[in-house]
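Please read them with the structure open beside you.

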Amino acid sequence: MRVILKDVFYLHLVSRIEKKRLGVEGHHTSMVHDATTVQDHIQTLVSIDDIRKRALMDIANKDLAIVKQTCKEVVDKYYQKYDDIKPMIVNLTKIAEEHWKEFLNEIQLIELNRRDEELEGLETEFINQTEYEQEIEYPEGESFSYIVTGGARIARGLTLEGLTITCFSRRAVEPNYDTMLQMARWCGYRAA
């Protein structure tokens, strides 16, 4: 799963950079739905955060080429049929180090699985151990970058503004047709 999360992270980064290049305004959201338990969702975000920290460490160690190469590999793997692939790759090579840091640091990790008020009084050892926000805010007139994970809240057809990348790799405990159809009803919202 680590490879998939790395791909999702870099797809999120590349598509955010591409939206900037094309002048597309608005929020930028990616969704990862790969587990069933709250603890697993937190672990997904920890893994994604580790990938981001590794990229920032590479930049700090003057190895920006590693980050650019990983982005190029993701573009080659997932955007082969994209007509504008050449300008996309050229743009990735031209971005200055400080802008890479900005793109990486602006990503907010959100756990849309539960709400603290629903868990109050439960004896669950990890309730207050998460540093991740549990709600997603979409302020008007601003543009934010989010990677979201969670359980029932995103498996029930939640609308996420600016949804660009989705990774939906889990299945229902009892995979009946109607249950799987319900879980697949997530969608993104973009202004026309």
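What share of the contacts in the protein with a separation of 6 or more is accounted for by residues 24 or more positions apart?

1. The answer is 78%, and it should be read with the caution due to a predicted model, which this is. The secondary structure comes to eight helices and six strands, and from the N terminus on the elements follow the order α-β-α-α-α-α-β-α-β-α-β-β-α-β.

2. As to overall burial, 44% of the 192 residues in the protein are buried. The accessible surface amounts to about 10,900 Å², and carbon and sulfur atoms hold 50% of that surface.

3. The largest nonpolar core has 36 residues, and those that touch the most other members are Phe 9, Tyr 10, Leu 13, Val 75, Tyr 79, Leu 92 and Trp 100. At least two residues of this core are supplied by each of helix 1 (2-22), helix 2 (38-60), helix 3 (64-78), helix 4, helix 5 (97-105), strand 2 (107-111) and strand 5 (163-168). Helix 1 gives the largest share, with eight residues. In soluble globular proteins, nonpolar side chains tend to be buried together.

4. Leaving aside residues up to four places away in sequence, Val 75 touches Val 14, Gln 80, Ile 85, Met 88, Ile 89 and Leu 92.

5. An α-helix has 3.6 residues a turn, so residues three or four places apart point the same way.

6. Strand 3 (residues 145-149) is mostly covered, since five of its five residues are buried. In a regular strand the side chains alternate between the two faces of the sheet. Here both faces are covered, with Ser 145, Ile 147 and Thr 149 buried on one side and Tyr 146 and Val 148 buried on the other.

7. Which strands pair with strand 3 in the parallel sense? Strand 1 (residues 28-33) runs parallel to strand 3 and is joined to it by five bridges, while strand 2 also pairs with strand 3 in the parallel sense, over five bridges. Val 148 in strand 3 is the bridge partner of Met 31, and Ile 110 stands opposite Val 148 as well.

8. The structure holds three aromatic pairs. Tyr 138 and Tyr 146 form an edge-to-face pair, with 5.5 Å centre to centre and 80° between the planes. The pair of Phe 144 and Tyr 146 is tilted, because the ring centres are 6.1 Å apart and the planes stand at 35°. Through ring pairs, Tyr 138, Phe 144 and Tyr 146 are linked into a cluster.

9. Is Tyr 146 buried or exposed? Tyr 146 is buried, because its relative accessible area is 2% and the cut-off for burial is under 20%. Phe 144, by contrast, has a relative accessible area of 23% and is therefore partly exposed.

Technical notes:
Residues numbered from 1 in each chain as written. Predicted model: local features only at pLDDT ≥ 70, side-chain atom pairs only at ≥ 80, totals over all residues. Heavy atoms only, no water. Core = buried A, V, L, I, M, F, W, Y, C linked by side-chain atoms within 4.5 Å. Buried < 20%, exposed > 50% of the residue type's maximum accessible area, 1.4 Å probe, protein only. Helix = DSSP H or I, 4+ residues; strand = E, 2+ residues; numbered from the N terminus. Contact = heavy atoms within 4.5 Å. Areas by Shrake-Rupley, 256 points an atom, 1.4 Å probe, with all protein chains shown as cover. Phe/Tyr/Trp six-rings, centres within 6.5 Å; stacked < 30°, edge-to-face > 60°. Pairing = 2+ DSSP bridges.
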